[in-house]
Amino acid sequence: MRMTDRFIAAFAFLVIPVPLLAQESSPGTLDELLLFFPTKYPEGNWTPANLRFEDVFFDSEDGTKLHGWYCPCESPRAHVLIAHGNAGHIASRADWLVYLQSKANVSVFMFDYRGYGRSQGRPSVKGVLQDAKAARSKLCDLANIKNTEVILMGESLGGAVVTHLAVDSPPAGLILQSTFSSLRDVADIHYPKLSWLVPKSKLNSRKIIADYKGPLLQSHGNADTLIPITMAQDLYHAANDPKSFVTINGRGHNNWLTDSYLRQLDDFIQGLQKKSQNEP
């Protein structure tokens, strides 16, 4: 089995489930009950082979206790903060972390939103945005770097999270994978009779990405039926240069980690490294 195929198998759970009753009772608006599907510790493999990581516990702005894995490597080309999708947890993505650490030669910090994995609390849009900000600060402390040296990477829901984070404080670069233009746009497709309940401003990446001025790498499968590629294209058109869009032919929402994309990801990271080396 190719490395890419193992990634695809590990990402098979990332779809946004439909049944409302599958979500445990929790406070929050209806749209948020339909958005978050966390998996809690100890479910999953929390001692993955071939991954060198440190358990990191830290606090969000409101005091919620969070958890993440810091995966450093020797002489890293970059430092990456990853915001994952709306299902599973960090342990479900160990193969991706192994690749980034050992093959892409980057140090990575992936964290779990509140309510996911070993993080406490219950997820909400406001809360996960706070969690991402706290995670970036923690990565900067761990690696002794500045916000401007962090590469932000987000998949699906995480793409919206890191877009907001990039606007809050410019990173070295922004990587968006299989993400959406706005939460309302997703609701219009999957819950058309209820989509009016989702405020147009909630997780509206298309509206805010114009305030991000740095390098952007965006990718999307053209067979994605969960988040159609037209949403990603709308988001991309709203973004500033320099930017690059990667269409992943024949791939859907959960199997976008192709060898071709990984080569383009490598080129993007390499370009950011050269840019940082040339800066005074």
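Visitor: What should I know before I start reading?

Guide: This is a predicted model, in which local features need pLDDT of at least 70 and side-chain atom pairs count only at pLDDT 80 or more, while totals for chains, interfaces and linings use all residues. Residues are numbered from 1 along each chain as its sequence is written, and side-chain values use heavy atoms, with hydrogens and water left out.

Visitor: Is strand β7 mostly covered or mostly open?

Guide: Buried means under 20% relative accessible area, exposed over 50%, and partly exposed in between, with a 1.4 Å probe and protein chains only; strands (E, at least two residues) and helices (H or I, at least four) are DSSP runs numbered from the N terminus. In β7, residues 150-155, six of six residues are buried. Val150, Leu152 and Gly154 point one way, and Ile151, Met153 and Glu155 the other way.

Visitor: Which strands are joined to β7 by bridges?

Guide: Two strands pair if DSSP finds at least two bridges between them. Strand β4 (residues 79-83) runs parallel to β7 and is joined to it by five bridges, with Leu81 as the bridge partner of Leu152. Five bridges also join β7 to the parallel strand β8 (residues 173-177), where Leu174 stands opposite Leu152.

Visitor: What do β7, helix α5 and β8 make?

Guide: A crossover is right-handed if, with the strands pointing away from the viewer, the path from the first strand over the helix to the second runs clockwise. With α5 at residues 157-168, these three elements make a right-handed β-α-β unit.

Visitor: Why is helix α3 largely enclosed?

Guide: Seven of the ten residues of α3 (residues 94-103) are buried, so the rest of the structure largely encloses this helix; among the buried residues are Trp96 and Tyr99.
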